[in-house]
Amino acid sequence: MAWLVATLSLIVIWVASIFKVFFGATSSSKAAVLDDGKCNKKNVLFVIAHPDDESMFFSPTINYLASNGYNLHMLCFSTGNADGTGSIRKDELHQACAVLRVPLQQLKVLDHPDLQDGFGQVWSHDLLAKVIGEEVSNHDIHTIVTFDNYGVSGHCNHRDVHHGVLKFLQTNSERNIKAWELASLNIFRKYSGPIDIWLSIFSSKRNPSKAIIINEQPWKSYKAMAQHLSQWVWFRKLFVSFSSYTYANTLDRINP
């Protein structure tokens, strides 16, 4: 009997969470992500490590910004060539960005010999900071969104990207660039799907520096990830379906 009650309770919470996504996604906390009252251009740069990072992890934020008139740029530091499919994955990223409404002319994918995809690859934080600085200057960027110091999955390339952004901010403090990092969640929250929305909202009330962005178009995240056909295997389909990163993003302000 206890298991039946637990199962029904879980179903009710899941349904309520989905209802929150589709009918109650507006949250005042997300307005704090970018609006500082000083800049009207709203040029935002997403800094990622590999093709598919944007769809697997950042799609709630991308969907929100694209739907609210922000000018989105994306800098991807590798083609994801660890398995020799870099050119294919680069094309897939272009297709995913088209789904997510990131202008293709505002997508930059690097294939630098010192910035290659792989768990054994160490990326220079100085080099990353230099490239980020060039993108910020060339496109008048006023806000950056990237990984935190764990990088969601713990991938070393994700972590290096975070430290590259941090290095840029520390050496360019006069530019007054705002930067936000995507919070890495524990394994329970990471795979709790839309249920994590409630935990995220609760944590934001206790910590006002956090911003919660609920994905009002989770089907678009699934469609975007499906463009990465070379990566679209069964466990990634499950990940996109059950990952809390499909339904909400928790962003923390980076204070270098």
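A polar contact is a pair of N or O atoms within 3.5 Å; within protein, one must be able to donate a hydrogen and the other to accept it, and residues adjacent in sequence count only if both atoms are side-chain atoms. In this predicted model, local features need pLDDT of at least 70 and side-chain atom pairs count only at pLDDT 80 or more, while totals for chains, interfaces and linings use all residues. Residues are numbered from 1 along each chain as its sequence is written, and side-chain values use heavy atoms, with hydrogens and water left out.

Let's start with Asp53, whose side chain is joined to that of His158 by a polar contact of 3.3 Å. Asp53 sits in helix H2 (helices, H or I, at least four residues, and strands, E, at least two, are DSSP runs numbered from the N terminus). Asp53 is buried but has no salt bridge, and Arg89, the nearest side chain of opposite charge, is 6.3 Å away. Here buried means under 20% relative accessible area, exposed over 50%, and partly exposed in between (1.4 Å probe, protein chains only). Lys and Arg count as positive, Asp and Glu as negative, and His and the chain ends are not counted.

Now for the salt bridges (a side-chain nitrogen of Lys or Arg within 4 Å of a carboxyl oxygen of Asp or Glu). The structure holds 7 of them, including these:

| Pair | N to O distance |
|---|---|
| Arg89 and Asp117 | 3.9 Å |
| Lys167 and Asp126 | 3.4 Å |
| Asp252 and Lys210 | 3.0 Å |

Asp252 and Lys210 are both buried.
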